[in-house]
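Here is a briefing on how the parts of this model meet. Keep the sequence and the 3D view at hand.

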Amino acid sequence: MKVENHILEILQLYEYAMAIGKSLNYKESCDSFLKLILKRKSLNAAWILEPHNNVLKSTYALPFGKDIKSNNQEVLEKLNKIQNNSIVETTDLMSSIAPISISTGKTIVFNLNNHGFLFLYSRKDNITSKDLNQLSPVIQKFAVHLKACRAFKEQEQLLHNLEVQNQELSDYAHMVSHDLKSPLRSIDALTSWLKEDYGELLNDTGKNQINTIRSSVEKMDTLINGILEYSTIGKTSVEIFDVDLNLLIDEILIMIQIPKNIDIEKSILPVVKGDKYRLQQLFQNLISNSIAYNDKEKGKIEIGVEDKDQFWEFYVKDNGKGIEEKYFEKIFKTFQKLENNQKSTGIGLSVVKKIVDLYGGDIWLTSELGKGTSFNFTLKKEPNGTA
Amino acid sequence: MLVTSTNYDEIVKKILNHVKQNAALITIGEHTEIDIGHLIDELNKTEIKFMGGLFPKVIHGNSILDKGIVVNTLNNMESMFLIKNISSKEYSIPKVSFEDNVDYSILTYVDGLTSNISNYLSELYENYGMQTNYFGGGAGSLSLEQKPCVFCNEGIFMDAAVFGVLRMTSKIGVRHGWKKVEGPFIITKAQGNVIKEINWRNPFEVYKEVVEAHSGKTFNDENFFDIAKGYPFGIIKDGAECIVRDPLMVNENKELVCVGELEENTLVDILNGNEESLVAAAEEAALDSVNQATQPKKAIIIDCISRILFLENNFDKELNAITSTLKNQFSNISVGGALTIGEISSYGEGFLEFYNKTVVVGLFE
């Protein structure tokens with residue numbers, strides 16, 4: 001008989017313990033565990049009080065009852081003395097921190113690892129030290145889980161704030177870019193008319209200055225387009241298609257006009273799943289960079305791939321100027337340029353990194369000054385549906 | 001009061017005469033030859049407030065009837081509510097103001113064949129807690145086909161519940177009389193009212209081993225319920241009578257389909273009863289309520305339909321045991337009620353539970 005009772009007690013603990021951790025939502029977790037305890041032990045109520053700046057506040061109550069907010073120091077002191085757990089009689093003091101009206105019965109108070117107190121109330125006095133000893137280990141587990149629930153909620157809040165801030169930043173970049181484009185178009189039109197209508201009245205210095213204005217406007221326009229592109233990557237859902245990278249690279253090479261001194265070697269590339277426009281941006285930026293920063297009489301660019309099971313690993317390798325190691329991370333940040341190149345906006349590699357990130361891949365480079373650079377990046381074979 | 005007429009004018013007249021200015025609890029046997037919708041329309045032509053349900057059988061005095069309307073007066077009705085969408089849990093429980101030092105009772109009828117009844121009861125307790133007693137049962141057809149079965153002034157509904165908040169003292173006795181054969185077992189996998197695993201094994205295999213050994217009978221394709229009606233599960237409670245769950249059938253995956261939900265990791269015993277234990281339990285339930293009451297005006301009996309399926313002709317003994325216990329103490333008390341699909345009460349005023357194969361006796365003062 002004694003053994004049977006022990007087995008039953010252990011199985012009851014199993015049942016209680018299995019009701020913990022079913023959710024990371026604070027209320028759902030309390031519901032799942034505390035309703036079970038109330039049913040199985042024929043208890044009347046359960047509630048949790050947590051101290052915040054010396055004020056005890058109710059964070060859960062079953063049944064609901066009134067909200068508790070107590071700064072009674074006597075209560076706090078008494079509760080703080082309860083290191084583990086204790087059975088207490090219903091007194092005025094206890095009634096004052098109960099969400100429901102209680103005048104008789106007993107309450108077990110559990111210290112939730114210094115993160116508050118759990119109260120289990122019985123109107124009929126059917127709480128014994130046996131219950132207290134049996135429940136203590138599971139309540140400890142419950143306390144740890146509640147801590148996880150609080151941390152999860154904080155993390156969710158943090159993520160939500162980040163999402164909101166990201167969205168605001170993106171909206172801001174989009175809005176500013178659009179607003180900047182309007183005066184830019186006016187300057188472009190006005191300088192064009194100035195050149196056409198008053199070209200003959202201007203001397204060479206004047207003509208040069210107008211050309212400088214128009215070139216700066218063009219650069220500004222490229223920069224704004226870059227910002228716009230950057231801020232829209234990953235914001236829109238698109239259909240994912242099979243993209244033949246051999247055809248895509250051929251189209252890019254026609255589009256960007258390869259200087260005669262540059263020789264391009266392309267391996268056979270795979271058909272990948274993705275958005276053609278983004279993949280074009282990705283490769284075009286890398287190839288353009290390799291061309292722009294090539295100082296050799298006979299430039300060479302190699303484009304290739306390796307199959308890495310879940311990923312494709314691509315590379316765009318050149319024999320150009322090379323990059324110092326201290327700049328390996330900096331170059332992927334927005335508006336970072338290694339030299340004052342008028343044609344560079346400092347946004348191309350940021351766009352490249354963002355697209356690679358979006359496809360669940362990674363990008364890195366190896367380089368030797370004077371000898372060249374290899375940009376390697378991976379793309380997931382089964383990407384998600386945003387681009 | 002029992003109404004056996006099928007004439008709507010007569011029924012309405014009798015109900016009005018019986019309850020006068022009060023609200024009415026209308027308990028109807030499922031084979032009563034009336035159109036409930038029409039009766040509701042006729043009642044709504046008067047100013048009466050009413051709630052009720054359709055049940056497999058009704059109880060009036062010492063009689064069990066397939067047909068007939070049992071009417072109880074609901075004195076001091078504070079408010080009455082209809083809750084829809086019990087199965088989808090898409091509802092909220094209305095706020096009620098309870099005065100201090102006043103006894104309240106909530107009477108509820110719920111569609112006994114819908115799912116998530118436990119959640120409905122849990123919501124009631126969360127909102128009203130210990131401020132009231134709870135009493136009621138599951139309505140529906142013995143055919144186990146779900147159809148509209150609970151009603152009030154707003155109409156007749158399925159997948160719904162009606163409840164009334166009464167400023168009234170009630171004393172409740174709850175017993176079942178089923179005793180442990182073997183256990184504990186762990187329901188290691190369950191979904192709603194289907195037990196999918198017991199002790200990490202096929203549930204029917206485990207159940208069959210215990211029941212066949214105890215009963216000396218063998219399960220075949222056709223006799224599951226005949227044997228199983230005497231071997232329910234009991235959800236183990238600490239220091240109190242277990243909560244009974246009734247296995248109804250074995251599905252195609254050899255899983256056990258029960259009346260009422262079971263949660264995963266619940267500890268259960270397999271139970272068995274006999275005529276003596278069941279009748280004795282019914283008498284004890286009556287006695288529990290009688291011992292607490294002082295001046296009850298009426299008794300409402302909520303008795304599980306599966307007890308009559310188990311006791312068959314001997315069910316009279318159970319009803320007699322209850323009524324004689326009540327009449328011995330309170331000779332003028334009116335007795336009515338229903339044979340239900342699930343029973344509702346707060347065991348010892350604690351958390352609200354949904355029972356099977358149980359008898360609940362409520363005395364209202």
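The contact takes in 28 residues of chain A and 23 residues of chain B, where contact means heavy atoms within 4.5 Å. This is a predicted model, in which local features need pLDDT of at least 70, side-chain atom pairs count only at pLDDT 80 or more, and totals for chains, interfaces and linings use all residues. Residues are numbered from 1 along each chain as its sequence is written, chains are lettered from A in the order in which they are written, and side-chain values use heavy atoms, leaving out hydrogens and water.

**Chain A against chain B**

- Together the two chains bury about 2,400 Å², 52% of it on carbon and sulfur atoms. Buried area is the accessible area (1.4 Å probe) that two parts lose on being put together, summed over both.
- Three salt bridges are counted between chain A and chain B. A salt bridge is a side-chain nitrogen of Lys or Arg within 4 Å of a carboxyl oxygen of Asp or Glu.
- One pairs A:Lys27 with B:Glu126, with 3.7 Å between the closest N and O atoms.
- On the side of chain A that touches chain B, helix H1 (2-18), helix H2 (26-40) and helix H5 (129-198) of chain A each supply at least two residues. Helices (H or I, at least four residues) and strands (E, at least two) are DSSP runs, numbered from the N terminus.
- A:Lys27, A:Asp31, A:Lys35 and B:Glu126 are linked in a network of salt bridges.

**Domains of chain B**

- Chain B splits into domain 1 (2-175 + 277-364) and domain 2 (179-272). The bounds come from an automatic or database domain assignment.
- The C-alpha centres of domain 1 and domain 2 of chain B are 28 Å apart.
- In chain B, 19 residues of domain 1 are in contact with 15 residues of domain 2.
- These two domains of chain B bury about 1,500 Å² between them, with 53% on carbon and sulfur atoms.
- The rule finds three salt bridges across this domain interface of chain B.
- Helix H3 (117-128), strand S13 (170-175), helix H7 (305-311) and strand S24 (352-355) of chain B are the elements giving two or more residues to the side of domain 1 that touches domain 2.

**Salt bridges within chain B**

- Over all chains, the structure holds 38 salt bridges.
- B:Glu255 and B:Lys196 meet through their side chains in a salt bridge (3.6 Å, N to O). B:Glu255 is in the loop between strand S18 (240-250) and strand S19 (256-259) of chain B, and B:Lys196 is in strand S16 (residues 194-197) of chain B, so the pair ties together parts 59 residues apart in sequence.
- B:Glu255 counts as buried at 11% relative accessibility, whereas B:Lys196 counts as partly exposed at 22%. Buried means under 20% relative accessible area, exposed over 50%, and partly exposed in between (1.4 Å probe, protein chains only).
- A salt bridge also joins the side chains of B:Glu312 and B:Lys229 (3.3 Å, N to O). B:Glu312 counts as partly exposed at 48% relative accessibility. B:Lys229 is buried, with a relative accessible area of 11%.
- The side chains of B:Glu353 and B:Lys237 form a salt bridge (3.1 Å, N to O). B:Glu353 is in strand S24 of chain B and B:Lys237 in strand S17 of chain B, so this pair ties together parts 116 residues apart in sequence. Both B:Glu353 and B:Lys237 are buried.
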